[in-house]
Amino acid sequence: MIEADSRPARVLHAFVGQPEFREITVAAGDEIDVFREDAGEGWSLVRDIKGEMGLLPRTYYTVCSYMV
């Protein structure tokens with residue numbers, strides 16, 4: 001579900017996040033919503049398809065114009 005204040009994106013590389021740093025774990029190909037592209041020091045605030053939110057490095061995803 002895409003909200004007005006988010007942008008759809010697709011994960012390019014798997015990332016294993018560290019929960020103590022509010023990072024999210026994703027797999028390559030996952031669909032995510034980007035809420036804050038610049039959350040500081042190369043990180044973005046994103047939400048995965050399960051509704052979990054966390055930080056993800058900006059270089060690990062690409063923003064899409066639409067999701068199918």
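Me: Rings of Phe, Tyr and Trp (its six-membered ring) pair if their centres lie within 6.5 Å; planes under 30 degrees apart count as stacked, over 60 as edge-to-face and the rest as tilted. How many aromatic pairs does this rule give?
Reply: This is a predicted model, where local features need pLDDT of at least 70, side-chain atom pairs count only at pLDDT 80 or more, and totals for chains, interfaces and linings use all residues. Residues are numbered from 1 along each chain as its sequence is written, and side-chain values use heavy atoms, with hydrogens and water left out. The ring rule gives a count of two.

Me: Which type of pair do Phe15 and Trp43 form?
Reply: The ring centres of Phe15 and Trp43 are 5.9 Å apart. Their planes stand at 70 degrees. That makes the pair edge-to-face.

Me: How many residues apart are Phe15 and Trp43?
Reply: Strands are DSSP runs of at least two residues, numbered from the N terminus. Phe15 sits in the loop between strand E1 (7–11) and strand E2 (31–40), while Trp43 is in strand E3 (residues 43–48). The pair links distant parts of the chain, with a separation of 28 residues.

Me: Is Phe15 buried or exposed?
Reply: Buried means under 20% relative accessible area, exposed over 50%, and partly exposed in between (1.4 Å probe, protein chains only). Phe15 has 13% relative accessibility, so Phe15 is buried.

Me: How does Trp43 count?
Reply: Trp43 has 24% relative accessibility. So Trp43 counts as partly exposed.

Me: Why is the pair of Phe15 and Tyr60 given its type?
Reply: The ring centres of Phe15 and Tyr60 are 5.3 Å apart. Their planes are at 70 degrees, so the pair is edge-to-face.

Me: How many residues apart in sequence are the parts tied together by Phe15 and Tyr60?
Reply: Phe15 is in the loop between E1 and E2. Tyr60 is in the loop between strand E4 (53–57) and strand E5 (61–63), so the parts tied together are apart in sequence by 45 residues.

Me: Which residues do ring pairs link into a cluster?
Reply: Phe15 pairs with Trp43. Phe15 also pairs with Tyr60. The cluster is Phe15, Trp43 and Tyr60.

Technical notes. Helix = DSSP H or I, 4+ residues; strand = E, 2+ residues; numbered from the N terminus.
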